[in-house]
Amino acid sequence: MNKTGIVIILLCFLAAIATVLWERRKVRKTIEEIERMLDAAMTGSFSEATFDESQLSALETKFAHYLSAAETSSRNVAQEKDRIKTLIADISHQTKTPIANLLLYSELLMEETLPVSAKANMEALYNQSEKLRFLIDSLVKLSRLENGIISLSPQRSALQPLLQGIAEQYAAKVSEKGLSLQLQDTDAFAVFDFKWTAEALANIVDNAIKYTEHGTIRISAVSYEMFARIDISDTGSGISESEQAKIFARFYRSNSVRKQEGVGIGLYLARQIISGEDGYIKVASVPGKGSTFSIFLPK
């Protein structure tokens, strides 16, 4: 091979190397640019207007458009959440006073000397007003949880003060109905938000009392390696196997208990709270013999 041929081969080889190096440089530049876009998006400072599309590769341009759309979507979600927050606050504020007045005037009228039929009507009015108050309060709490307006703050705490508080809260209601409430002392610990977990347990205990005509409500806890389990047992009407998967649905009420007061939101709210703490709820029940709700909380 003559010298000219060798030179041509060397030039082609050098050109190939230069092309590879240039392509590598372009790839590295593109990666660096995408990394910079991601950093800007993570800090909330990304803006497509800061990029010159004529100097970007097709991949960078598409990625810039994607991040811009994601940023817009994020802003829209934040604005929608603010609107929901305002709406919930307005509902809570605007309904609180009228419902309180309904309850107050109903109580005052029931203290008056009224015909039997009128007194029965006033008691019905009071009960329905109380039911409306409970429903609105529950819906406001639920909406705040679901929209992230209220965040749970789980901390590792002893379960005994939590369970003791629930037992004391419902002692009078249990006594009025002629039931027995038994609390088993425990030294178990778990990670939970005290206020909201108390709300969840209160809803379950309230249901247990409501659907138990005779017998006992038992509250206990046991500790495992990864979880602590709280059991709330009753000797009430029980839940059929076909309905056990439905009772945690929003507004679900069994046909067998529709005569009882309730709006079908307590168990749904309880599950939302416990799930938000990385826990879960199970139910075991035998119709006519009672139910046990087991709440598992992480340790």
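A residue is called buried when its relative accessible area is under 20%, exposed when that area is over 50%, and partly exposed in between, with a 1.4 Å probe and protein chains only. By this rule, 34% of the 299 residues of the protein chain count as buried. The structure is a predicted model, in which local features need pLDDT of at least 70 and side-chain atom pairs count only at pLDDT 80 or more, while totals for chains, interfaces and linings use all residues. Residues are numbered from 1 along each chain as its sequence is written, and side-chain values use heavy atoms, with hydrogens and water left out.

The protein chain contains six helices and seven strands, where helices (H or I, at least four residues) and strands (E, at least two) are DSSP runs numbered from the N terminus. Read from the N terminus on, the elements follow the order α-α-α-β-α-β-β-α-β-β-α-β-β. Contact means that heavy atoms lie within 4.5 Å, and among contacts between residues at least 6 apart in sequence, 70% join residues at least 24 apart.

The interior can be approached through its nonpolar core, a term for a set of buried Ala, Val, Leu, Ile, Met, Phe, Trp, Tyr and Cys residues joined through side-chain atoms within 4.5 Å. The largest such core has 43 residues, and those with the most contacts inside it are Leu-159, Ile-230, Phe-293 and Ile-295. Helix α5 supplies the largest share of this core, nine residues. If residues up to four places away in sequence are not counted, Ile-230 touches several residues, among them Leu-159, Leu-201, Phe-293 and Ile-295. Asn-203 is found in helix α5, which covers residues 194–210, and Asn-203 counts as buried because its relative accessibility is 9%. Leaving aside neighbours within four places in sequence, Asn-203 is in contact with Gly-266, Leu-269 and Ala-270.

Aromatic rings come next. Rings of Phe, Tyr and Trp (its six-membered ring) pair if their centres lie within 6.5 Å, and planes under 30 degrees apart count as stacked, over 60 as edge-to-face and the rest as tilted. Four aromatic pairs are found in a search of the whole structure. The rings of Phe-192 and Phe-194 have centres 6.3 Å apart and planes at 35 degrees, so this pair is tilted. Phe-192 is buried, with a relative accessible area of 1%, whereas Phe-194 is partly exposed at 42%. Phe-248 and Phe-293 form an edge-to-face pair, with 6.2 Å from centre to centre and 80 degrees between the planes. This pair links distant parts of the chain, since Phe-248 is in the loop between β5 (227–233) and α6 (266–276) and Phe-293 is in strand β7 (residues 290–298), 45 residues apart. Phe-248 counts as buried at 8% relative accessibility, and Phe-293 is buried with a relative accessible area of 7%. Ring pairs also link Phe-227, Tyr-280 and Phe-296 into a cluster.

Asp-193 lies in the loop between β3 (189–192) and α5, and Asp-193 is buried, with a relative accessible area of 8%. Although Asp-193 and Gly-276 are 83 residues apart in sequence, their C-alpha atoms are 9.6 Å apart in space. Beyond neighbours within four places in sequence, Asp-193 is in contact with Leu-152, Ser-153, Pro-154 and Glu-277.
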